[in-house]
Amino acid sequence: TSLVADAVGRLLGSEPMGTGLVGRSHVLVHARSLAADRTGVLFVGEPGVGKTRLLAEVLDLLEADGWHTERFVASTAARTVPFGALISLLPRGATDRTQQIAGVRRTLVERADRRPTALSVDDAHLLDDASLACLVDLAHHSDVVVLGSARSTEPLPSDLTALWASEALDRIDVEPLQPTDATELASQLLGDPVTDELATQLWDRTRGIPLFVRELLLDAASQDVLSLESGAWSLHRDLRPGARLNEIVRARTDALSTPAQGLLELLAIAEPVAMDLLTVEEGVELDVLEQGRLARVEQLGGRWVATVDHPLITEAIAAAIPTRRRLDLVRAIAHRTVEAGCPAPGDALRAAAWFEECGDPLPAAAALAAGREALTSLDLD
């Protein structure tokens, strides 16, 4: 118990900088080299992949090299305010946009005191138009190196796109960790190696998203799932997302429209769902989910199907669906599958399981088809 408590304390008490930057050394070297050549950097990736951490690490390296750095964070709340994120750089008495931007340049020169300057904006996709115009000016008409991060799940403002398209800054797409790197991160977070079983389950559920690795381990520790045996952390039951991860998922889905949330719930309990079973309206919502990296569309057995983009999102959404709502969704997809004639192998068996879950009588034709599928696969139960 004390060992697990120590691990929880380590996970909660350490800042993200408290662990080594696993699997990102090549990205850091590249970003630092670009900045040294006076080229900006934009880290782009999905939520939780580590963009903010990379941005901070690059700035720390530049500071160690003698640079002056300015760090800002854009937000939804400040998006409606001109120069919302950069307002502390504005000079007093500036009355128009040209004077304001020129004043920002002067402020940076004064603060830098002849040192090279790097200005960073985390979540730059949330910048207001005035701040974006200021970044464009700094990138093209000053010696300031512009750095930033942006979500790949959100539309990029045209000014940001134009910056990396014009090579004023370099776009670096931040990918999830590889399995070995995710295992190393888990070992660093817990303070000791992890068993192969724990490493496998972490990878299967997190797919290398560093934030998910950390939060799933915290949930596991709080659920008393972890134990330290023979110098390695192991599991005594399967990993399951808890309150922390569920809150992270809700933060990503709360802004969705009601139809989009309904489709995401349907996918979570019935994936993979064949595209031809969706209505035209659901197809439109699927496009929204796919663009937001909450769902994906792929070919499976020669058929286009839709799934939730990440297994932890699937688990968190499915766990939050009330029983009556779940039964309504299961009943709906079961009837759609049967009405379509159970066209793909396995459809009849899945439909039979759904009808059984709802306690509804299974149509005879579907029952016979499910029986044939069960015999073919030797599923005698």
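1. **Basis.** This is a predicted model, in which local features need pLDDT of at least 70, side-chain atom pairs count only at pLDDT 80 or more, and totals for chains, interfaces and linings use all residues. Residues are numbered from 1 along each chain as its sequence is written, and side-chain values use heavy atoms, with hydrogens and water left out.

2. **Overall build.** The protein chain has 16 helices and 10 strands. These are DSSP runs, numbered from the N terminus: H or I of at least four residues for helices, E of at least two for strands. Along the principal axes, the C-alpha atoms fill a box of roughly 80 × 55 × 35 Å. Of the 381 residues, 47% are buried. Buried is under 20% relative accessible area, exposed is over 50%, and partly exposed lies in between (1.4 Å probe, protein chains only). Take the contacts with a separation of 6 or more: 72% of them join residues 24 or more positions apart. Contact here means heavy atoms within 4.5 Å.

3. **Salt bridges in total.** The whole structure holds 18 salt bridges. The criterion is a side-chain nitrogen of Lys or Arg within 4 Å of a carboxyl oxygen of Asp or Glu.

4. **Arg 293 with Glu 46.** The closest N and O atoms of this salt bridge are 2.9 Å apart. Arg 293 sits in the loop between helix 12 and strand 9 (295–300), and Glu 46 in the loop between strand 1 (40–45) and helix 3 (51–64), so the bridge ties together parts 247 residues apart in sequence. Glu 46 is buried, at 8% relative accessible area. Arg 293 is partly exposed, at 30%.

5. **Glu 70 with Arg 111.** Here the closest N and O atoms are 3.2 Å apart. The pair ties strand 2 (residues 68–73), which holds Glu 70, to helix 4 (residues 97–112), which holds Arg 111; these parts are 41 residues apart in sequence. Glu 70 is buried, with a relative accessible area of 9%. Arg 111 counts as partly exposed at 34%.

6. **Helix 14 against helix 15.** Helix 14 (residues 323–339) and helix 15 (residues 347–358) pack at about 145 degrees, with axes 9 Å apart. Axes are lines fitted to C-alpha atoms, for helices over the stretch in contact; angles run from 0 to 180 degrees between N-to-C directions. Residues making the contact include Leu 327, Val 330 and Ile 333 of helix 14, and Ala 351, Trp 354 and Phe 355 of helix 15. The contact residues divide into nine nonpolar, two polar and four charged.

7. Glu 357 of helix 15 and Arg 326 of helix 14 tie together parts 31 residues apart in sequence. Their closest N and O atoms are 2.7 Å apart. Glu 357 is partly exposed, at 35% relative accessible area. Arg 326 is also partly exposed, at 27%.

8. **Glu 285: worth a look.** Glu 285 lies in helix 12 (residues 280–291). Leaving aside residues up to four places away in sequence, Glu 285 touches Ser 257, Pro 259, Ala 260 and Leu 263.

Methods
Nonpolar A, V, L, I, M, F, W, Y, C, P; charged D, E, K, R; others polar.
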